[in-house]
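Trainee: I would like to learn how to read the aromatic side chains and the surface of a model. Where do we begin?

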Amino acid sequence: MADSTNTASTSSTTFLAFILGAVVLALGIFAYLYFGGDVPAQDEPDITIELPDLPRDNG
């Protein structure tokens, strides 16, 4: 058996890189929120309702 491959090492390195990437991403999001980055709120429409002045009935 001269053809031995090192698949366990490659698999563990890929998994470790995936976990490290997820940790870096989570820390980046946490730092953004912690150090003053606000999640943008939805824009609220400016709605004004103006009713016409109706003559009052004095009766």
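Mentor: Begin with a cut-off: a residue counts as buried under 20% relative accessible area and as exposed over 50%. This is a predicted model.

Trainee: Is Phe30 buried or exposed?

Mentor: Phe30 has a relative accessible area of 55%, so Phe30 is exposed. Tyr34 is exposed as well, at 59%, and Phe35 is exposed at 66%. For the protein chain of 59 residues, 2% count as buried.

Trainee: What secondary structure does the protein chain have?

Mentor: The protein chain has one helix and zero strands. Phe30 and Tyr34 both lie in helix H1, four residues apart, which is about one turn of the helix.

Trainee: How many aromatic pairs are there?

Mentor: A pair of aromatic rings is described by the distance of the centres and the angle of the planes. Here the count is two aromatic pairs. The ring centres of Phe30 and Tyr34 are 5.8 Å apart and the planes are at 15°, so this pair is stacked. Planes over 60 degrees apart count as edge-to-face. Tyr34 and Phe35 have ring centres 5.0 Å apart and planes at 80°, so that pair is edge-to-face.

Trainee: Which residues make the nonpolar surface patch?

Mentor: Phe15, Phe18, Ile19, Val23 and Leu27 make a patch of about 520 Å². Leu27 lies in helix H1, residues 7–34, and counts as exposed because its relative accessibility is 53%. The protein chain exposes about 6400 Å², with 62% of that supplied by carbon and sulfur atoms.

How values were computed: Residues numbered from 1 in each chain as written. Predicted model: local features only at pLDDT ≥ 70, side-chain atom pairs only at ≥ 80, totals over all residues. Heavy atoms only, no water. Helix = DSSP H or I, 4+ residues; strand = E, 2+ residues; numbered from the N terminus. Buried < 20%, exposed > 50% of the residue type's maximum accessible area, 1.4 Å probe, protein only. Areas by Shrake-Rupley, 256 points an atom, 1.4 Å probe, with all protein chains shown as cover. Patch = residues over 30% accessible without salt bridge, like charges linked within 9 Å, V, L, I, M, F, W, Y side chains within 5 Å. Salt bridge = Lys/Arg side-chain N within 4 Å of Asp/Glu carboxyl O. Phe/Tyr/Trp six-rings, centres within 6.5 Å; stacked < 30°, edge-to-face > 60°.
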